Amino acid sequence: MEFLRQVLVILAKDVRAELRTKEAVNAALAFAVMILVLFSFVFDPDEATTKMFAGGLLWIVFAFAGTLVLNRSFAREIPNDCLDALVAAPIPGSALFLGKALANYLLVAAVELVALPVFGILYYVRWYERFWQVMLVLALGTWGVTVIGTMFSALTVNIRLREVMLPMITYPMLTPALMGAMQLTVDLMNGKSIAGDATVWLKLLVGFDILYTAASIILVDIVLVG
Amino acid sequence: MNALAVEGVWKYYGDYPALRDINLTCEAGSCLALIGRNGAGKTTLLRTIAGFSRPMKGAIKILGGSPRETATRRNVGFIGHGIAVYDELSALENLMLYARLYGLTDARTKALQWLTETGLERVRDGLVREFSRGMRQRLAVARAFLHEPSLLLLDEPFTALDDRAIAVLQRLLREALAQGRTVVMSTHQLREALELATHVTMLNRGQVAFDGPCTPEMVADPGLVYARYGEG
């Protein structure tokens, strides 16, 4: 219970701080919508074409927009040396990490939930036909993006070019999760449900999330203190 | 038991030894003034004691425990170069956040009490980004004292404080010492520090150049230790 309370304190702090400034969420949302609008002009998509690239486009937009939120996660602690105070506080590094990861998850998910209907309108995709399965893939894929991004946000927090370094390190690591999420999304947009061979991608996504969450929880103290 | 024991601590930045075989002890209720020129290793030593980084060699014990143990961290308060409060949150929200992180039972009451102690009760709901530098420093002091730590680690605590804030900090430090808490502070403002100090340690190029009790001569002439043990 103590651990959960500490996670929630960090989560509430990060969400509150972000909602006061909205700098990361606004930037991510503007970026996501802008890319979707621009690509809709480039491809001039009809329904059949869209089904081929919908999953890929959607997850590229989510991954890039997500990075804008994740970049701020630990960078927010830098200006007044707040990270020192968090490291000095009697909470485990794993509580700090999970609190931040969950806050990032909520913020990235909020951006995605706004971008998804925009995507549906611009690309004639009836994503809501398999609503709960799309939400499941979204939830699992977003956690993968968030957990990796939060960990590497901690790792790059003291690097001068962190805004450049974070995506460079994050995207190669995210490849398996993005592959799974893209493949499942393409299937869902084509009217197929997650069954048969597609469950392999779902298992990959679940395995990725579990593996990297566990690894991050184990390694976060070393990342923060050395 | 010593409140703080630093035993043969070495710390390198790359090949450069920022701390070389540092040995220090602090009894409970004492106040150690850590002095030295810029780059002498004061901040590195305080940060290593606080557990922000691990020593390459040697050991640090705070009340018998390692700096990274949860129980130890509960007993340490730290003021560094940054104020460690969030600009986007109000003064009250900041203190309540730390009160909750330290597991204090009534976070709001405790936060309000320390806002009053530091003269910030009237601006409790104001966002920190709207505060003057002195107000921000007083909030940092409130944050460090909030959980009533047994060991206070202060890195240049008097820097950027106005007269009123210096008086507040000195009063709080005197009260803390009277309650048997231990204070370790690095400073260039010798006069303010030596008024409180019971011991003085001078670092020079990462080594202890002087370690001893604070004498009336030092208080009368704060430059005495530099003149005798510094590089001139």
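**View 1. Chain A is built from eight helices and zero strands.** From the N terminus on, its elements run α-α-α-α-α-α-α-α; helices here are DSSP runs of H or I with at least four residues, strands are runs of E with at least two, and both are numbered from the N terminus. The radius of gyration of chain A is 18 Å, close to the 17 Å of the globule rule for 226 residues, so the chain is as compact as a globular protein of that length. That radius is taken over C-alpha atoms, and the rule is 2.2 Å times the number of residues to the power 0.38. Please keep in mind that this is a predicted model, where local features need pLDDT of at least 70, side-chain atom pairs count only at pLDDT 80 or more, and totals for chains, interfaces and linings use all residues. Residues are numbered from 1 along each chain as its sequence is written, chains are lettered from A and ligands numbered from 1 in the order in which they are written, and side-chain values use heavy atoms, without hydrogens and water.

**View 2. Contacts and burial in chain A.** Of its 226 residues, 54% count as buried, meaning under 20% relative accessible area, with exposed over 50% and partly exposed in between (1.4 Å probe, protein chains only). Among contacts in chain A with a separation of 6 or more, 84% come from residues 24 or more positions apart; a contact means heavy atoms within 4.5 Å.

**View 3. An aromatic cluster in chain A.** Take a look at A:W127, A:Y128, A:F131 and A:W132, which form one aromatic cluster. Rings of Phe, Tyr and Trp (its six-membered ring) pair if their centres lie within 6.5 Å; planes under 30 degrees apart count as stacked, over 60 as edge-to-face and the rest as tilted.

**View 4. A stacked pair in chain B.** Over all chains, the structure holds 12 aromatic pairs. In the pair of B:W10 and B:Y12, the ring centres are 6.1 Å apart and the planes stand at 15°, so the pair is stacked. B:W10 is partly exposed at 22% relative accessibility, and B:Y12 is partly exposed at 30%.

View 5. B:F52 sits in the loop between α1 (42–50) and β4 (57–62) of chain B, and B:F78 in strand β5 (residues 76–79) of chain B, so the pair ties together parts that are 26 residues apart in sequence. B:F52 is buried at 7% relative accessibility, and B:F78 is buried at 9%.
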